[in-house]
Amino acid sequence: MFLLATFVWALALFFLSCRGRSPLTRVLAALGSGVLLGNLVATKWFGIGAVALVWAWIGLAVLARRRNESAAGEGAVPKGVRGITSLFFFLVVPALTYLLWTVPLVGIPGSVRAAMGEELFAGPCTFGRTPDQRRRAPTTWLGRVRHWHCTVWNYHSHLTATHPYGSSWWSWPILRHPVLFYVNSDGGSPRRISATGNPVIWWAAFAVVWVTVAMLAFRRLARRITGALLPLPDLWLLFGIFGFWLPWAFIQRVTFHYHYFLSFTLSVVLLALWLTRLLDRPRFRAFPLLFLGAALVGFVVLYPSASALPAFWVR
């Protein structure tokens with residue numbers, strides 16, 4: 001939850017920095033977004049994808065502006081922190097925040113003791129399996145930062161352990177094998193806590209992803225014929241969804257269902273975007289309402305499995 005909350009707030013503040021009414025609001029929002037992006041990367045390395053997502057929006061917005069597509073309707077181009085200040089707030093600030101979090105972790109020689117233990121830095125570390133005989137034990141803070149990254153990288157790249165709740169990247173969108181965190185079968189109905197998402201929302205969001213891909217492909221073709229515009233938010237959301245998801249196909253270590261959560265968050269935003277469009281059309285207004293009703297039923301049915309409450313339908 002901390003990871004998802006940080007992700008959502010970092011993006012929310014980024015967009016506030018783009019569209020805030022006063023310069024002070026935009027600067028403070030950009031600073032907050034940069035700090036949260038750094039926290040996100042410090043929590044999980046794939047948070048780097050969130051930084052890339054911010055720059056993807058900036059790139060798409062600049063491209064749209066140059067093509068005079070800021071338009072109206074489906075994707076407004078932001079008017080926020082620009083140029084060299086963007087580099088500062090969305091690259092330098094996240095990097096400095098990330099490095100700041102390494103201080104209590106790796107310590108500072110002669111000043112701050114490492115939370116991980118000083119013995120970790122007693123010897124050299126080489127990226128990969130082949131030791132570099134020229135490498136020595138780190139004696140500076142930056143040397144320890146490099147050493148810690150080397151240790152973590154080697155651990156994950158050489159990890160061969162399996163897990164009963166490990167799952168493949170392609171299975172995450174269809175809820176094939178979510179993680180079970182807790183189970184208690186002592187007396188009465190079993191109680192459990194699992195990471196099973198609401199299938200009504202989960203599957204609908206995944207379906208909307210592919211509907212959007214098909215729509216963009218069609219509009220790309222239509223653009224060549226009629227000059228139709230490609231919606232900026234849809235492009236950006238797809239970039240994030242696939243950018244956070246597909247790289248896991250190349251990860252050799254054990255992976256889990258919750259690694260899809262950032263992609264899922266963006267797919268829910270995309271789903272909400274489509275539901276909003278349907279609500280704006282009287283002929284289709286009933287569909288979003290029916291969907292919300294079905295999602296509510298799914299929530300009621302699955303809530304005991306997410307909170308360890310007893311229920312007669314939990315097995």
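Select R253 first: its side chain makes a polar contact with the side chain of H156 at 2.7 Å, a polar contact being a pair of N or O atoms within 3.5 Å, one able to donate a hydrogen and the other to accept it, with residues adjacent in sequence counted only if both atoms are side-chain atoms. The model is predicted, so that local features need pLDDT of at least 70 and side-chain atom pairs pLDDT 80 or more, while totals for chains, interfaces and linings use all residues. Residues are numbered from 1 along each chain as its sequence is written, and side-chain values use heavy atoms, with hydrogens and water left out.

R253 lies in the loop between helix 7 (232-245) and helix 8 (261-279), where helices are DSSP runs of H or I with at least four residues.

Next, select F14 and F90, which form an edge-to-face aromatic pair with 5.2 Å centre to centre and 80° between the planes; ring centres of Phe, Tyr and Trp (its six-membered ring) must lie within 6.5 Å to pair, and planes over 60 degrees apart count as edge-to-face. F14 belongs to helix 1 and F90 to helix 4, 76 residues apart, and both residues are buried.

Then move to W172 and W248, another edge-to-face pair, at 6.0 Å centre to centre and 75° between the planes. W172 is buried, with a relative accessible area of 0%, and W248 is buried at 14%.

How values were computed
Helix = DSSP H or I, 4+ residues; strand = E, 2+ residues; numbered from the N terminus. Phe/Tyr/Trp six-rings, centres within 6.5 Å; stacked < 30°, edge-to-face > 60°. Buried < 20%, exposed > 50% of the residue type's maximum accessible area, 1.4 Å probe, protein only.
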